[in-house]
Amino acid sequence: MHSLELAQEGAFLLHSAGVIRNGRAFLFSGLSGSGKTTMTRLAPANTVLLSDEIAYVRPAGDTYIAWGTPFSGELGRPGENVRAPIAGLYLLKHGAANQLQSVPSGQALGLLLRNIVFFAQDADLVRALFEAAWRFISAVPAYHLVFRPDPSVWELFP
Amino acid sequence: MSSSYVGRSGAVAARAIDGQTVILQLATSALFTLNRVGSRIWELADGRTTVDQIARRIHEEFEVEAPVAALDALEFVERLAAQGVLLLSDAPVNPDRHSGGEANATNPR
């Protein structure tokens, strides 16, 4: 699934729901049950699905691009073959009200690493993925998204 | 008191970010996030510095009482050494050169 070469280029697969809205990709990451599929189900009509399970992420200059993948979770619908610059990484938490909270970079790096898809036994590959995650967190803002599971959450992502 | 030298294992990947240090153990994918004091100890663990010397620096730089710094530094390095992230040795060690840790680690007590 991963090659060392791709990881060294900074690319990885991320356990995340991804949606493109107005030309920007929003990635919602978390373990099973955190609300990835819910976020895609609640997405407005003017969005395009990258995946409700796994997004492909790679650097492009100073920014990062998310690509759709054919992987699907509970939504049962594969993502589309599209891509867009990543607006942010949103780490999901259920709550009573919709709120974005910035995440300190060190914590964000740890959380990102827990959500990167890899089965690597090879130390060089693991090291390359760690470096890729660090570069990503240095370039892309990360937030905790506390959300109430209704469409109003999408007002945070115009 | 500990005159053991402290070094970083080469079997981890580590990055400092916003005052914290995140360490990934390559073999197990275990993650360690160090706070400011832990990050400073990590920096000082160059294989040529002893636990006592590290404790003295923590005492000076963070205004921690000397006995507290000594105990905390020792506990910290022993805990990370038990995980194979830091190395403790009776002799100076080359930093970041060791792929494992257990074979080179000795108990400082």
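**Reading sheets, helices and a chain contact**

Modeller: Let us begin with a sheet: in chain B, three strands form an open sheet in the order E5-E1-E6, with antiparallel pairing. Strand E5 (46-50) and strand E6 (86-89) of chain B are its edge strands, each pairing on one side only. From one strand to the next, the twist averages 25°. This is a predicted model: local features need pLDDT of at least 70, side-chain atom pairs count only at pLDDT 80 or more, and totals for chains, interfaces and linings use all residues. Residues are numbered from 1 along each chain as its sequence is written, while chains are lettered from A and ligands numbered from 1 in the order in which they are written.

Colleague: How are strands, helices and pairing defined?

Modeller: Helices (H or I, at least four residues) and strands (E, at least two) are DSSP runs, numbered from the N terminus. Two strands pair if DSSP finds at least two bridges between them. Here, strand E1 (residues 5-8) of chain B pairs with E5(B) in the antiparallel sense over three bridges.

Colleague: Which residue is the bridge partner of B:Tyr5 in E5(B)?

Modeller: The partner of B:Tyr5 is B:Thr50.

Colleague: Which strands of chain B form an open sheet in which E3 takes part?

Modeller: That sheet has the order E2-E3-E4 (chain B), and the pairing is antiparallel. Strand E2 (12-17) and strand E4 (31-34) of chain B stand at the edges with a single partner strand each, so one side of each has no neighbour in the sheet. The twist averages 15° from one strand to the next. Strand E3 (residues 20-25) of chain B is joined to E4(B) by four bridges, and the two run antiparallel. B:Ile23 stands opposite B:Phe32 in E4(B).

Colleague: How does one describe two helices that pack together?

Modeller: Two packed helices are described by the angle between their axes and the distance between the axes. Axes are lines fitted to C-alpha atoms, for helices over the stretch in contact, and angles run from 0 to 180 degrees between N-to-C directions. Take helix H1 (residues 36-44) and helix H2 (residues 51-62) of chain B: their axes come within 10 Å and cross at roughly 135°. That angle makes H1(B) oblique to H2(B). Angles under 35 degrees count as roughly parallel, over 145 as roughly antiparallel, 65 to 115 as roughly perpendicular and the rest as oblique.

Colleague: What is the handedness of the crossing of H1(B) and H2(B)?

Modeller: A crossing is left-handed if the near helix is turned anticlockwise from the far one by less than a right angle, and right-handed if clockwise. H1(B) passes H2(B) in a right-handed crossing.

Colleague: Which residues of H1(B) and H2(B) meet?

Modeller: Two residues are in contact if their C-beta atoms, placed from the backbone, lie within 7 Å. B:Val37, B:Arg40, B:Ile41 and B:Leu44 in H1(B) meet B:Ile54, B:Arg57, B:Ile58, B:Glu61 and B:Phe62 in H2(B). By class, this contact of H1(B) with H2(B) has six nonpolar, no polar and three charged residues. Ala, Val, Leu, Ile, Met, Phe, Trp, Tyr, Cys and Pro count as nonpolar, Asp, Glu, Lys and Arg as charged, and the others, Gly among them, as polar.

Colleague: At what angle do H2(B) and H3 of chain B pack?

Modeller: H2(B) and helix H3 (residues 66-82) of chain B pack at about 130°, with their axes 8 Å apart. That makes H2(B) oblique to H3(B). The crossing of H2(B) past H3(B) is right-handed. Residues in this contact include B:Ile54 and B:Ile58 of H2(B), and B:Ala70 and B:Leu74 of H3(B). The contact of H2(B) with H3(B) divides into 10 nonpolar, one polar and no charged residues. H2(B) also lies across E1 and E5 of chain B, running at about 75° to E5(B).

Colleague: How many residues does each chain give to the contact between chain A and chain B?

Modeller: Chain A gives 14 residues and chain B gives 12 residues. On the side of chain A that touches chain B, helix H3 (105-115) and helix H4 (123-139) of chain A are the elements that give two or more residues. H4(A) supplies the largest share, seven residues.
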